[in-house]
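Q: Can we go through the aromatic rings in this one? Keep it quick.

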Amino acid sequence: MPRSRLSPSQRREQLLDAGEAMFLAVPYDEVSLEDLATRVGVSRALAYHYFPDKKELFSAVWKRAHNELLEQASFDRPTPLGEQVRQSLIAHLRFYERNAPLVFIANRSEIAADSVVRQPISEDLDTMRLRLLDASGLKGRARDIASAGLAGWLAFIREVTVEWLSHRKVSRRDVVELCMNT
């Protein structure tokens with residue numbers, strides 16, 4: 001690829017696009033920053049300037065993907081909150097289906113417990129919890145109790161989703177109903 005002059009944010013996005021394509025196409029262990037640099041047509045040093053290691057690259061790819069998901073999950077429409085949660089859950093499951101290789105890296109690989117990889121997941125779960133709490137209108141102790149329950153429920157959803165993607169023994173509708181009933 002011929003080199004092109006891009007702004008720092010454009011170059012970072014270019015690297016993220018290429019990194020995402022690589023993580024979706026090959027196992028995590030087969031992705032390297034050197035291959036990323038070659039794919040994009042930049043020096044290895046420049047790739048390492050943006051992402052000091054592969055975990056940082058993956059974390060940035062994962063965070064960007066989750067940011068897109070979070071844009072769809074707002075709870076401020078006139079629709080009843082339960083229906084908004086259901087629609088958000090369906091969007092969540094579709095997102096995880098489309099990004100299954102990233103999901104497995106973030107949740108089932110040797111780097112899944114690394115704080116660099118966990119941080120985007122934790123931030124996104126906190127964002128979803130706070131949005132749901134705000135939409136509920138709860139205050140004080142009721143909000144605190146609901147917050148604890150939502151933290152557990154969101155972790156449950158994440159685990160059920162990964163299990164579902166791993167085995168595909170039940171339908172997406174079954175997963176939605178299980179999560180909504182829980």
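Predicted model: local features only at pLDDT ≥ 70, side-chain atom pairs only at ≥ 80, totals over all residues.

Q: How many aromatic pairs does a search of the whole structure find?

A: Eight aromatic pairs. One of them joins tyrosine 28 and phenylalanine 58.

Q: What's the geometry of tyrosine 28 and phenylalanine 58?

A: Edge-to-face, with 6.3 Å centre to centre and 90° between the planes.

Q: Where in the chain do the two sit?

A: Tyrosine 28 is in the loop between helix H1 (8-25) and helix H2 (33-40). Phenylalanine 58 is in helix H4 (residues 54-72).

Q: Tyrosine 28 and phenylalanine 58: buried or exposed?

A: Both tyrosine 28 and phenylalanine 58 are buried.

Q: Which helices hold them?

A: Tryptophan 62 is in helix H4, and phenylalanine 95 is in helix H5 (residues 81-98). They are 33 residues apart.

Q: What's the relative accessible area of tryptophan 62?

A: 0%, so tryptophan 62 is buried. Phenylalanine 95 also counts as buried, at 4%.

Q: Which residues do ring pairs link into a cluster?

A: Phe23, Tyr28, Phe58, Trp62, Phe95 and Tyr96.

Q: New topic. What lies over the face of tyrosine 28?

A: Lysine 54, at 4.2 Å from the ring centre.

Q: And over the ring of tryptophan 164?

A: The charged end of arginine 168, 4.8 Å from the ring's centre.

Notes
Residues numbered from 1 in each chain as written. Heavy atoms only, no water. Phe/Tyr/Trp six-rings, centres within 6.5 Å; stacked < 30°, edge-to-face > 60°. Helix = DSSP H or I, 4+ residues; strand = E, 2+ residues; numbered from the N terminus. Buried < 20%, exposed > 50% of the residue type's maximum accessible area, 1.4 Å probe, protein only. Lys NZ or Arg CZ within 6 Å of the ring centre and 35° of its normal.
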